[in-house]
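Here is a short briefing to read beside the sequence and the model.

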Amino acid sequence: MRRSFAAGCLVASATTLVACAGNSTDQGANTVVSATASPATSAEATASVQVSVPPAPVQTGAEQVRFDPCVDVGDDLVTRAGFDPATRERATAEGVSTLFTTIGCQFWRETLVDGEKYPTGAVSVTSSDLTLDDFRKNPGHSIFNSDPIGGREAVLYRTPQLDGACTASIKSSDGTFTVGLIVPPGPVAVPPPCDQIRQIAETFSESLGTD
């Protein structure tokens, strides 16, 4: 499976988020905790999930991110969004620091061409204690739409240094629920990521319920 491009962009997306989160001067204290650590306290999982993943990073702050897309976003939504629930894995953007917490999963979609599978997209679905204003004020984001998604405030944006990427961040009870899409180059023609992001984000946002 030729996933190297999308995987690299998902890692780069996490780096961009760390570098630009808010305007805090405490970035030197940023320490990421391994995703194999003990689970964070989260809402009881009610979604049907086929693939088990390691627990979320340990959170030590008083206010914790409780919605974990790895257990709270069901396979039905992943399938409806066009991705393979069997590819569920912890997101490369996950991490806990003194600045912010981000937890969640990523998924792939692939197409068979001449007997070989090619990725046509990678999506990360994460929950964070960052606010929508953190995303609005981030100079690394180029916002192109602010219409609500699923009745919630939202921003859709490009990150110019990440070619083939588009993101939607949605207001949630923890802070924000973010859906990031990467479309890698390859032999399969697919629409640009920003032409797909709203519909995909609307589908995944159903997991938030009415909280």
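Leaving aside residues up to four places away in sequence, Asp75 touches Ser48, Val49, Gln50, Pro85 and Arg88. The model is a predicted one. Two disulfides are present in the structure, and the chain has an average pLDDT of 82.

- Asp75 belongs to helix H3, which spans residues 75-80.
- Is Asp75 buried or exposed? Its relative accessibility is 11%, so Asp75 counts as buried; the cut-off for buried is under 20%.
- Arg88 is among the residues that Asp75 touches. The side chains of Asp75 and Arg88 make a polar contact at 2.8 Å.

**Disulfide Cys70 to Cys105**

- Cys70 and Cys105 are joined by a disulfide, with an S to S distance of 1.9 Å.
- Distant parts of the chain are linked by this pair: Cys70 sits in helix H2 (residues 69-72) and Cys105 in strand S3 (residues 101-113), 35 residues apart.
- The link of Cys70 and Cys105 is right-handed, with 110 degrees about the S-S bond.
- Both Cys70 and Cys105 are buried.

**Disulfide Cys166 to Cys194**

- A disulfide also joins Cys166 to Cys194, with S to S at 2.1 Å.
- Where do the two cysteines lie? Cys166 is in strand S7 (residues 165-171), and Cys194 is in helix H5 (residues 193-205). They are 28 residues apart, and the pair links distant parts of the chain.
- About the S-S bond the angle is 100 degrees, and the link of Cys166 and Cys194 is right-handed.
- Cys166 has 0% relative accessibility and therefore counts as buried. Cys194 has 16% relative accessibility, so Cys194 counts as buried too.

**Disulfide pattern**

- Counting bonded cysteines along the chain, the disulfides follow the pattern 1-2, 3-4.

**Confidence in the model**

- Of the residues, 78% score a pLDDT of at least 70.
- Over residues 4-9 the pLDDT stays under 50. The model has 12 contacts beyond four places in sequence for residues 4-9.
- Residues 11-45 also have a pLDDT below 50. Beyond near neighbours in sequence, this stretch has 67 contacts in the model.
- Why be careful with such stretches?

How values were computed
Residues numbered from 1 in each chain as written. Predicted model: local features only at pLDDT ≥ 70, side-chain atom pairs only at ≥ 80, totals over all residues. Heavy atoms only, no water. Helix = DSSP H or I, 4+ residues; strand = E, 2+ residues; numbered from the N terminus. Buried < 20%, exposed > 50% of the residue type's maximum accessible area, 1.4 Å probe, protein only. Polar contact = N/O pair within 3.5 Å; in protein donor to acceptor, adjacent residues only side chain to side chain. Contact = heavy atoms within 4.5 Å. pLDDT = per-residue confidence, 0-100. Disulfide = S-S within 2.5 Å.
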